[in-house]
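Thank you all for making time this morning.

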Amino acid sequence: MQKLKGIGPYTAGAIASIAFGEPTAVVDGNITRVLTRLHDLPDDITQTATKKKLWALAQTHLPPQRPGDFNQALMELGQKICLPLAPLCHLCPIAAPCLARQRGTQPERPVRPPRQKTPHYDVAAGVIWRDEIGRGPFLIAQRPLDGLLGGLWEFPGGKQENGETLPQTLIREIHEEMGIQIIIPHPHTTPFTHIKHAYTHFRITLHALHAQLASTPDQIQHLGVANHAWVTLPDLEQYAFAVTDQKIIKVLSDE
């Protein structure tokens, strides 16, 4: 039956036992929870060896008569009694032989690998004005075409490194990516907005700062960017920005 497309071990076992009365075990999430608690299994259930062990245990418990009813009862036991966070052990018909109940390890079963903490990065982004802050054109950059958010435009900047202040991060990143010097005069050393955003594998807080160009515009190089442009707020409609930079644009428009 498993040779049929879309039919795995669980579906095959359920069909064989429930529809045809064959003594074939079934293991789903509910039965996994019941079995790991019944036997107090300390093994990681995501590992192949543990999965095989659970299928073998399920098969040993399977009675020769009415296997389909047994499989459904075991699933329902996990669904309604052997609950993930608060198992109703006082109502459980197999509470007496349950090793996890005897040892008080029900909350620890089944065992799964610890969730990896999602990395978080602080990122500095600059609204770099060519002349006076708040007046005239400012600088935007196009992200490299082959990277994350490739080809989109942004307010240039980058990830903060250990020991850096956000102004130091912005000054370094702009020099590394575009070969120019900027200054961040007081009182603009404090970000004018903070934007939180989650990607698939990491999170960022984007800190936007005002800055001024200290080099000449013709000194700009494309070291870590694909292109650059000097724009005013009305010009931005011509460019495609990521959602975080769109939020910076909204803040600038509201000022």
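Predicted model: local features only at pLDDT ≥ 70, side-chain atom pairs only at ≥ 80, totals over all residues.

Before the first helix, a word on terms: helices (H or I, at least four residues) and strands (E, at least two) are DSSP runs, numbered from the N terminus, and the expected span of a helix is 1.5 Å times one less than its number of residues. Residues are numbered from 1 along each chain as its sequence is written, and side-chain values use heavy atoms, with hydrogens and water left out.

I will call a residue buried under 20% relative accessible area, exposed over 50%, and partly exposed in between, with a 1.4 Å probe and protein chains only. In H3, the buried residues are Thr50, Leu54, Leu57 and Ala58. They cover an arc of only 100° around the axis, taken from the directions from the helix axis to the C-beta atoms, which puts them on the same side of H3. On the face turned away from that buried side, H3 carries the exposed residues Thr48, Ala49, Lys52 and Thr60.

What covers the buried residues of H3? The cover includes H2, where contact means heavy atoms within 4.5 Å. H2 itself is mostly covered, with nine of its ten residues buried, and its own cover includes H3, H4 and helix H5, residues 99-103. Helix H4, residues 67-80, also has 14 residues and reaches 20 Å from its first C-alpha to its last, close to the 20 Å expected; its buried residues include Pro67, Asn71 and Leu74.

Now to the empty spaces. Rolling a probe the size of a water molecule over the atoms shows where empty space is left. On a 1 Å grid over the protein atoms alone, a cavity is a set of points where a 1.4 Å probe fits but cannot get out, a pocket is an open set with protein on both sides within 12 Å along at least five of seven lines, and lining residues have an atom within 4 Å of a point. Grid points are joined across faces, edges and corners, and a volume is the space filled by probe spheres set on the points.

How many cavities of 30 Å³ or more are there? The count comes to one, with about 130 Å³ of space in the largest cavity. Its lining has 15 residues, of which Arg37, Cys82, Cys89, Cys92 and Cys98 lie nearest the centre, and the largest share, three residues, comes from helix H2, residues 29-38.

The largest pocket holds about 410 Å³ of space and is lined by 24 residues, with Val123, Arg143, Glu154, Gly158 and Ile204 nearest its centre. Strand E1 gives the most to this lining, with four residues.

Glutamine 142, in strand E2, residues 138-142, is buried, with a relative accessible area of 16%.
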